[in-house]
Amino acid sequence: MNDATQKTSISDELGANIPYLRRFARAMTGSQTSGDTFAAAALEAILVDRSVLDGVDTKTGLFRVLYGIWASAGAPVEEGESGPRAKAQRHLASLTNNSREALLLHTIEGFSHGEIAKIIGVDEAEADELIQIAHREMADSTSGSVMIIEDEAIIAMDIESIVAEMGHRVTGIARTREEAVKLGKADVPDLILADIQLADNSSGIDAVNDLLNELGMRPVIFITAFPERLLTGDKPEPAFLISKPYSVDQVVSAVSQAMFFSSTETLNA
């Protein structure tokens, strides 16, 4: 492969991974604006010197550069908030260093323990320990009520089982936008888990926005086969977005974090 072809290949790989880099940056920093700033800085660093990708595959290298820039900046997380966002920051300060980032990389972004070790600069055994610590600290800290918006019965039952086994109460399952709003008013949830495409061709995004307008801000997790619809950069995006097919670990991780922080920016942020 000649240099021109190799550069084109790397550029294509970088482009394909930008939505997921932005997703991780946002969850890591607590802000879409801050996350996008760090993601852009990582891409600029690679464009200036592609040797920063040496020794790892392109995706791992991209996330390693992002993490390195964020860490060198003091690992900032959005501050100066009030209400639920301020509570989220207080919870964040109580976590073991690097554990949340390791958990995000593993369960949401799908990196192996070895890849995570390379990204955050620790050995593989420490990466494994950090992930286990994060699971324990987040799962043990809070419990609450969860509403599920999902039109596929088997998936809805599976998600309900996962959430219930975590110790949370499921308020119910809605299959359409109208059902979601009715259910939300009848039993106000602490957290909403939502698909995007619903049974009557209504939108889970619209259902969530209706609920937030009625009930006020609360954390939302989208579980969808269409993640690209929410990772466009054109408007505010959810902090937690899980692609179908999902794993149990992904759902547990996202629910634990959303409950733990009591807040994620939503589509109306």
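(A salt bridge is a side-chain nitrogen of Lys or Arg within 4 Å of a carboxyl oxygen of Asp or Glu.) Asp206 lies in helix H10 (residues 204-215) and Arg177 in helix H9, so the pair ties together parts 29 residues apart in sequence. Helices here are DSSP runs (H or I, at least four residues) and strands likewise (E, at least two), numbered from the N terminus.

A note on the source: this is a predicted model, where local features need pLDDT of at least 70, side-chain atom pairs count only at pLDDT 80 or more, and totals for chains, interfaces and linings use all residues. Residues are numbered from 1 along each chain as its sequence is written, and side-chain values use heavy atoms, without hydrogens and water.

Next I checked accessibility. Asp206 is partly exposed at 33%, and Arg177 at 32%. (Buried means under 20% relative accessible area, exposed over 50%, partly exposed in between, with a 1.4 Å probe and protein chains only.)

I then looked up Arg100 and Glu101. Their side chains meet in a salt bridge (3.6 Å, N to O). Both residues are buried. The structure holds nine salt bridges.

Last, I turned to Ser253. Ser253 lies in helix H11 (residues 248-261). Ser253 counts as buried because its relative accessibility is 0%. Leaving aside neighbours within four places in sequence, I found Ser253 in contact (heavy atoms within 4.5 Å) with Leu103, Thr107 and Ile108.
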